[in-house]
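Take a look at the fold below.

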Amino acid sequence: MEKRDRTFLAALAVFAVLCVGRFFEHTLNFHSAPMGILQQYRFAELATAVYFAVLFLLYGIMLRKMEAKEKTIAYFMMAFLSVFAFPMYLPANYFGAMDIYAWMALFVAAGCLILEKGEWLIVPLSLAATTVSPMALFGSQCMLVLLLPYRYLSTEKKKYLLLGILSLAASLVGVGLTVALRFFSTDVQQVLSPRKFLVLAVMMCPYLLMVGTLFRGIFSDASRRMKKCYGLLLAGWIPAAAVYLITADYSRVFYQVFFYFIFLILMMLTFGDTAVSSAMEKMKEKVLSWVPIPAVLIAYPFLFLTFWISGPVPLLVEKILGH
């Protein structure tokens, strides 16, 4: 990596430490798990530390493989992703939740795809992800299964299509195992009230408009063959969001939707997708005309996370808007 890459990751590590200080409540609530050891406090601490480490490792792999011209946008997207990824599994409601293992499996699988090494690991990782966290079928595994046909169409290597089919089959087998062994659980955490969710959804709408603008630009530059693939990728967030909306786990709705799009864009930039790169540059110009200080786009959602959604202390915004 270049020196500026290491500097960026060091700054991001400081941000991670600050997130731990703000959000970690040192409390492990019960989460349905296939093995008792997964629900031990020290093991949950270790899993959370590994989650951070694997995510940072993936950031490093992305920056090593990415073209220099893409890195400025990549820094911004990684910081934006971290606003959601760092605090998510630190509060008591989500600390020790099984889906953290599914996300780690996705990070490792993504690293294999980028490096084009050990890609066969994707299949057992898919099986492990849904065996430990069956709800991952709609979230992290849905993302992975859609990325593989995208790689097939963009590289014309049939191994990615085969890996996509095998990954989906392994994910379904994993869910079947959880049902057969009777530890299937949705692990619903109703942290946000419907009122909070509605207000927050309205406040976060500008980001979804940005996603719409981005994909409109991608579609305009893409070939007919790739447009179908981009259409599938654009819709890939719906299964997870629908499941967690039905179960009223609104915090996971925001995590799933924003993580999905930011992670997807980072992966496509890392793969050198020219249509995505061009669309990102055009959107960057539009966004800078609306918001002259780009850091505001990262600080804005973090303020909600810090002062409203998470943390044990009720603050002024809760008194104004209501619990």
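This report covers the pocket, a surface patch and the salt bridges.

## Largest pocket

The model is predicted. Its largest pocket has a volume of about 400 Å³. The lining counts 22 residues. Phe76, Met77, Met210, Met280 and Met283 lie nearest the centre.

By class, the lining has 20 nonpolar residues, one polar and one charged. Four helices each supply at least two lining residues: H3 (71–88), H9 (205–221), H12 (250–270) and H13 (274–290).

## Nonpolar surface patch

Leu127, Val173, Leu177 and Leu181 form a nonpolar patch on the surface. Together they have about 320 Å² of accessible area. Leu177 lies in helix H7 (residues 158–180). Leu177 is partly exposed, at 35% relative accessible area.

## Salt bridges

The whole structure holds 11 salt bridges. One of them pairs Arg42 with Glu45 at 2.7 Å, N to O. These two residues are three apart in helix H2 (residues 41–65), which means about one helical turn separates them. Arg42 is exposed at 62% relative accessibility, while Glu45 is partly exposed at 25%.

Lys159 and Glu119 also meet in a salt bridge, at 2.8 Å, N to O. Lys159 lies in helix H7 and Glu119 in the loop between H4 and H5, so the pair ties together parts 40 residues apart in sequence. Lys159 is partly exposed at 36%; Glu119 is buried at 8% relative accessibility. Elsewhere, salt bridges with shared partners join Glu2, Arg4, Asp5 and Lys71 into one network.

Technical notes:
Residues are numbered from 1 along each chain as its sequence is written. This is a predicted model: local features need pLDDT of at least 70, side-chain atom pairs count only at pLDDT 80 or more; totals for chains, interfaces and linings use all residues. Side-chain values use heavy atoms; hydrogens and water are left out. On a 1 Å grid over the protein atoms alone, a cavity is a set of points where a 1.4 Å probe fits but cannot get out, and a pocket is an open set with protein on both sides within 12 Å along at least five of seven lines; lining residues have an atom within 4 Å of a point. Grid points are joined across faces, edges and corners, and a volume is the space filled by probe spheres set on the points. Ala, Val, Leu, Ile, Met, Phe, Trp, Tyr, Cys and Pro count as nonpolar, Asp, Glu, Lys and Arg as charged, and the others, Gly among them, as polar. Patches are made of residues with over 30% relative accessible area and no salt bridge: like charges are joined within 9 Å, nonpolar side chains (Val, Leu, Ile, Met, Phe, Trp, Tyr) within 5 Å. Accessible areas come from the Shrake-Rupley method with a 1.4 Å probe; for residues, only the protein chains shown count as cover. A salt bridge is a side-chain nitrogen of Lys or Arg within 4 Å of a carboxyl oxygen of Asp or Glu. Buried means under 20% relative accessible area, exposed over 50%, partly exposed in between (1.4 Å probe, protein chains only).
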